[in-house]
Amino acid sequence: KYKMILDLDTGIDDALAIAYALADQDCDLIGIIGSYGNVLVEQGVRNSLDLLYLLGAENVPVYQGSACASTKNRFAVEPVSATIHGKNGVANLSLKHSPQKPAVENGVDFLITAIHKYQKELIFVPTGPLTNLAAAIKKDPAIVNLIGNVTFMGGALSVPGNVTPAAEANIHQDPVAANEVLRSSLPLTMVGLDVTTRTLLTKKETKKWRSLGTSAGEIYADLVDYYIEAYQVTNAHLAGCALHDPLAVAAALEPSLLDTVFLNMKVDTDLPFEGRTIGDETRINKPAETTQVALDVNKKRFLNKFMTRLTGLF
Ligand code: BDR
Ligand code: CA
């Protein structure tokens with residue numbers, strides 16, 4: 001059984017990532033780190049606590065991570081994220097408050113300690129900006145060779161970005177951190193828009209959750225219906241909402257869901273292509289490629305697993 005740590009900017013697809021991790025038998029979710037992105041970091045932490053409570057997993061600790069990119073001194077939620085995930089990240093629903101408080105330890109320190117403790121057994125899945133991971137590497141460079149795998153949701157190699165024509169949202173939040181991560185020797189798998197925009201959920205599936213008659217089924221159906229409606233406005237060409245973050249969790253546990261290529265990657269940290277994930281021309285002849293970039297996904301297998309696991313959990 002793998003130990004997993006999630007690092008989330010808890011909006012709606014992050015909420016689905018939590019549910020997937022809890023529902024998978026091969027996964028022992030040992031902690032969640034809160035990041036900023038879809039929401040401010042405090043709100044993201046609150047959402048994670050409340051979702052864990054809803055799913056009967058309030059024993060999983062939640063650690064607060066960075067509040068903004070290290071190159072900036074503040075972070076403001078962009079109106080477009082608020083439209084897609086709701087102002088509070090969870091479709092403007094008032095979730096029942098968890099009695100649990102955020103853990104006292106900082107998210108970055110928790111990550112470093114856990115990597116030393118579990119080493120190759122540990123999988124880290126960031127589905128928000130890569131700020132916390134970059135901070136952890138800076139603080140303790142030894143961790144890059146200890147951890148089992150980092151599977152992150154972010155970037156786009158063969159398709160356009162979603163916040164600018166060049167950049168995907170998570171990478172665009174902190175291109176400097178993402179570049180440090182991609183240029184490190186961490187064992188990385190990049191689950192970007194190349195694959196996540198191919199795995200879509202529709203109201204047919206959420207209807208199934210609603211019909212369970214449980215509060216988790218009902219709330220997750222409300223969350224995802226909101227997300228689907230927002231997608232119809234912003235991504236009318238897609239026939240549903242993209243399952244970005246849960247795909248990263250599923251692929252971390254079962255890499256064969258993806259077709260990947262090995263590539264040395266980098267991130268553009270400046271305009272005009274700030275946040276673009278692209279092959280690193282300075283490392284073309286360096287053979288040690290540590291990043292696997294997902295270029296295709298077995299949609300049917302993933303969606304089946306996703307529905308079986310989440311429906312079972314709710
Ligand atoms: C990513 O950005 C966030 O809005 C989503 O939660 C996802 O992690 C998609 O680009
Ligand atoms: Ca996310």
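Colleague: Which residues are the closest to ligand 1, and how many residues surround it?

Modeller: In this predicted model, 14 residues surround ligand 1, and the closest are Gly 11, Asp 13, Thr 127, Ala 169 and His 244. Helix H1 (12-23), helix H6 (169-173) and H11 each supply at least two residues of this shell.

Colleague: How do the residues of the shell around ligand 1 divide into nonpolar, polar and charged?

Modeller: Two are nonpolar, eight are polar and four are charged. In this count Gly is taken as polar.

Colleague: Why is helix H11 called largely enclosed?

Modeller: A residue is buried if 20 or more other C-beta atoms lie within 10 Å of its own. Ten of the ten residues of H11 (residues 244-253) are buried, so the helix is largely enclosed by the rest of the structure. Among them are His 244, Asp 245 and Pro 246, as well as Leu 253.

Colleague: What makes helix H5 mostly covered, and which elements cover its buried residues?

Modeller: Seven of the nine residues of H5 (residues 131-139) are buried, namely Thr 131, Asn 132, Leu 133, Ala 134, Ala 135, Ala 136 and Ile 137. The cover over these residues includes strands E1 and E2, helix H4 (107-118), strand E4 (122-126), strand E5 (149-153) and helix H7 (175-182).

Colleague: Why does Ile 278 count as partly exposed?

Modeller: The class lies between the limit for exposed, 12 or fewer neighbours, and the limit for buried, 20 or more. Ile 278 has 16 C-beta neighbours inside 10 Å and therefore counts as partly exposed. Ile 278 is found in strand E11 (residues 277-279). Leaving aside neighbours within four places in sequence, Ile 278 is in contact with Met 265, Lys 266 and Asp 268. The C-alpha atoms of Ile 278 and Lys 266 are separated by 5.6 Å, although these residues are twelve apart along the chain.

Colleague: How do you know that strands E1 and E2 pair?

Modeller: Pairing requires at least two bridges, and seven join E1 (residues 2-8) to E2 (residues 27-34), the two strands running parallel. The chain crosses from E1 through H1 to E2, and this β-α-β crossover is right-handed. Within the pair, Lys 3 has Asp 28 of E2 as its bridge partner, and Met 4 stands opposite Leu 29 in E2.

Colleague: What makes E2 and E3 a pair, and which helix belongs to their β-α-β unit?

Modeller: Three bridges join E2 to strand E3 (residues 62-64), again with parallel strands, against a requirement of at least two.

Colleague: Why are E3 and strand E9 said to stand at the edges?

Modeller: The open sheet has eight strands in the order E3-E2-E1-E4-E5-E6-E12-E9, with mixed pairing. E3 and E9 (258-262) each have a single partner strand, so one side of each is left without a neighbour in the sheet. Neighbouring strands of this sheet are turned by 25° against each other on average, direction ignored.

Colleague: Which strands does helix H4 lie across?

Modeller: H4 lies across E1, E2, E3 and E4, and it runs at about 155° to E2.

How values were computed:
Residues numbered from 1 in each chain as written. Chains lettered and ligands numbered in written order. Predicted model: local features only at pLDDT ≥ 70, side-chain atom pairs only at ≥ 80, totals over all residues. Helix = DSSP H or I, 4+ residues; strand = E, 2+ residues; numbered from the N terminus. Near = placed C-beta within 6 Å. Right-handed = clockwise from strand over helix to strand, strands pointing away. Contact = placed C-beta atoms within 7 Å. Axes fitted to C-alpha atoms, helices over the stretch in contact; angles between N-to-C directions.
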